[in-house]
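The sequence and coordinates come next.

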Amino acid sequence: MRPAIPWLSTKALALSAIAVVAAGGLAACTSSSSSTSSGAPSSSSSAPSSAAGGGAPITIGASLSLTGDFSADGQAFQKGYNLWAKDVNAKGGILGRQVKITVLNDASNPTQAVTNYQTLINTDHVDLTFGPFSSLITGPSSAVAARAGYALIEGAGGAPSVFNTPQNQADHNVFDVSLPIADELVPFVNYIASLPAAQRPKTAAYPMADDPFADPPVQLAQSKLEALGVKTVYSKIFPAEVAAYTPAADQVAGKAPDLVVLGSTDVPTVGAFMQAFEQQHYVPKMFIAAAGPDQGADFTKAVGAGNATGVMVPNGWYPSYANPDSQAMVKEYVAQYGGTASDVNADVAEAYAVGQIAAQAITATGGTDNGKIITYLHQATSLTSVQGPVKFDSLGGNTAAAAFIFQWQKGGTYSQVLPLGSPGSVSILATKPAWTK
Amino acid sequence: MARELIHAIVDGILTGGVYALMAVGLTLIFGVLDIINIAQGVLVILGAYLSYSLSTRAHIDLFTGLLITIPVMFIIGVVIHWAFIRRLRGTERTSMTLLVTYAVALIIEGILYKAYGADDVQLQASYTTSSVHIFGFYLPWIFIYGFIVAVCLVVALYLLLYRTRLGRSVRATMQDENAARLVGIEVNRVAALTFGIGVAVTAVGGMFFGATNAFNPNSGYDLISRLLAIIILGGLGSIGGALAASVFMLTLESVVTIWQPTWAIAVFYAALVLVLLIRPTGFLGRKAVRAQ
C-alpha cells in the first residue's frame, strides 16, 4: 500500500537520508571505495624469470591512487615505478635479483592505503615498501611501515606533517627523495626580494586548499613576503572539495592583488580560479600555484595554452632537466607511453627516483634488510637520482634537493625560470599577460 | 563588505542554477520510481564527456551538441533501466536500487577511465570565460545561461508531467502502480521513459558542469552527496523544489565562503538538517505539489 503522501515515501526518505550520509562519506573519502580494484593487485612489473637474475626476486609493494581524486598523479606514479623496474630488470636486476613491484589501488583514500600496506607487509611479506601519492596518504601509510620495521621510501610525501608523525620521530623510517614542500616557494620569495622595491608586488592574496601539501609552502611564502612589505589582502583556507570555487575566486578578484599565491593540489582548483579571474576581468601581475600547472598537457588542456602563459609553479624536476639519468628516463618514457617530453610530469620522475634510491640502498647493504637500509639511508651522502642529489636528514627530508620555479611561457613552453642565473633558468616573464586562449 | 555580500549572493544564485540542472533528473527519477539513483553524479560526468568529445573532435558548439547528447543520454537511461532497474521487485526494491545504481556508477566510471584516462579536462567555448557588466558586477555568461536553462528545464518538465498524456501516465503510475495497469497504462514503459528522461536532462547538467569545472571520471562522486542533499531539501520528487533548494544551498555556501570558507561544506549540510527539522518534507515536498 502506498503511503498517505504518495510523492514522499517515508521509507524512501529514510533511505535517501542514509544515502546522503553514505555518499557524503564517499565524497569525504575522495570516493575511496568506488574502486572495484581497491585492495587488489592492479599491476606488477615482474622479472622475466628468476633464472635471469639468479635468485628470488626482490618484492616491492606500494599503494597508489589509481582511481579517485589523485588518480592522474597515482597513475603517473605507477608508470614511474614500472619504468624503473623495467630498466633495472633489463640490466640484470639488483644484486643479481630481479625486481617485482606489486601496486594496490587505494582509490585516493588514506584508510584504504593503510589497509593496503598492512596487506603488503603482513600478508604478501614484500621485501620493501615504496610510498603512495600525496602527503595526505603518506602520513598514515608510514605509520604502518614503521610498526613493521619497514623503511618507506617515497617521492610525494614532502609535507611537514609526514615527517613530524610520532612514528617517524621515533623510528625515522620515512625517506622522501623529493624536495620538502615547505621550501618550494623560497626561490620565488627570493626573486621578489631581489627586485627593486618599486617593482615588487604591493599586495598579495593567498587562497589555500585544506591540504597538508598545499598550505605549508604558501604560509611560509606569506610570512616572508609580509616581511618584505607585501601587504596581504586575502589569506583563507577553503575545503579541498567545494561546490564551486567561484565565490572565493571572485572575492580575491575583487581585491585585485598584484600577486596571487594559490595553495592548490590539482588542476581543477587552478583552472577554476583562472576561469573566475578571467570572468571578472582581473589579471594578477604574478600568479603562482603550489600544484596543478606542473601537470604538463593536462594543465594546458584544462585552462588553454594561452591562458597558461605567465603562470608559475614550484617543483624539483622538469623534463629537460640536464641530468643524464633523467634524460634517459624521459626518452624511455616517451618510447613506452608515447607523447612528447613535455607530457612527462614530475610524478614520473619522483617515482623513478624512489626506485633508484632503493636500488642504491640494497646494493650498499647487500640485501633487503630494512633495518640496515634505514641506517644506511640516514648516513649516505652520495645518493643520486633523476631529480639530482639526495641526502636525508634525521626525519627523512631530502636536504640536497634543489628548488626550482617553472613558468609557462609564450608558445606553450614550460621553462625553469628561478633561481635567477641557475643552470637551466631562462628569463622570467615578470608580468602575466592578459587572458587569451 | 556589502559589495562582497551581494556578489556572493549573485554567485550562489547562478551556481545554484547549474546544480539544479544536475539535480532535477535525480528528483524526477525518485518521484516516479521511488529509487535513489546513486549513478546520477557519474551520469552527469558522462554527459560532460560526451559534450567534450563533440566539442574537441567534431568541433560542435556546446549548446548545439546538446541536440546529440540529450537523445544519447536518454537511450543510455532507458538501457540502464531495462538492464538493471526493471528486474528489481519486492519490498527490498528501493534499497536494492541503491546498490545496483552504485554498481552502474562504477561501471560507467571504469569505462570513462578507459576511454578518456585520468587527466582533468574542461569544456571550452568563448562564453565559458566571458561575462557581462551589470550594476558594477561582472556576471559570467555561462552561469547566466545555466540559470536560464535551469528555469526553462523545470518549466518544460512541469509541462511534460502535468500537460501531456505521458505525464498523466507517469503521475498515475506514481499514485498507484496496480491501478495504472488496470486502466491500460504500460507501467514498465512509463518507468523506462521516465528514467530515460531523468538521465537525458543530466546531459544538460553535465555540459554546464563541465564548462564551469575541470573534471575527470571520478568527479561524479563529489557531486552525488550534494545532489541528494538538494533533492531532499527541495522535497523528494519536486522539480521546482530542486531548483529552489539548489539556489538556497549554493547561495548559503557562497555567503559563508566570504567569512570562513572552511565552514562552507559544514553549513551546507547543517542547513539541510535544520530545514528538515522544521519542515520534514523539504521546501516543496507537499501533497499540494502533486495536485497541481
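Is F135(B) buried or exposed? With 7 C-beta neighbours inside 10 Å, F135(B) counts as exposed; a residue is buried if 20 or more other C-beta atoms, placed from the backbone, lie within 10 Å of its own, exposed if 12 or fewer, and partly exposed in between.

## Basis and confidence

This is a predicted model, in which local features need pLDDT of at least 70, side-chain atom pairs count only at pLDDT 80 or more, and totals for chains, interfaces and linings use all residues. Residues are numbered from 1 along each chain as its sequence is written, and chains are lettered from A and ligands numbered from 1 in the order in which they are written.

The mean pLDDT (the predictor's confidence in each residue, from 0 to 100) of chain A is 86, and 87% of its residues score at least 70. Within chain A, helix α2 (residues 50-53) has the lowest confidence, with a mean of 40, and strand β9 (residues 259-262) the highest, at 98. Helices (H or I, at least four residues) and strands (E, at least two) are DSSP runs, numbered from the N terminus. Residues 1-10 of chain A have pLDDT below 50, with 19 contacts in the model beyond near neighbours in sequence. Residues 21-53 of chain A also stay under 50, and the model gives them 94 contacts beyond four places in sequence. Two residues are in contact if their C-beta atoms, placed from the backbone, lie within 7 Å. Where pLDDT is low, the predicted coordinates should not be read in detail.

## Domains of chain A

Chain A is assigned domain 1 (35-181 + 322-390) and domain 2 (183-315 + 404-418), with bounds from an automatic or database domain assignment. Taken over C-alpha atoms, their centres are 30 Å apart. In the interface, 14 residues of domain 1 contact 14 residues of domain 2. On the domain 1 side, the elements giving two or more residues are α5 (135-147) and α6 (160-163) of chain A.

Leaving aside neighbours within four places in sequence, V204(B) is in contact with L21(B), L66(B), I70(B), V149(B) and L153(B).

## Helix α7 of chain B

In helix α7 (residues 165-175) of chain B, the residues S169(B), V170(B), T173(B) and M174(B) are buried. They cover an arc of only 135° around the axis, which puts them on the same side of α7(B); the arc is that of the directions from the helix axis to the C-beta atoms. The cover over these buried residues includes α1 (2-33), α6 (141-163), α8 (177-182) and α9 of chain B.

## Backbone features

Although not a glycine, F135(B) has a positive phi of about 50°; F135(B) is in the loop between β1 (131-134) and β2 (137-140) of chain B. H281(A), also not a glycine, has a positive phi of about 55° and sits in the loop between α11 (267-279) and β10 (286-289) of chain A. H281(A) is partly exposed, with 13 other C-beta atoms within 10 Å.

The peptide bond from L418(A) to P419(A) is cis, with omega near 5°. P419(A) lies in the segment after β15 (413-418) of chain A.
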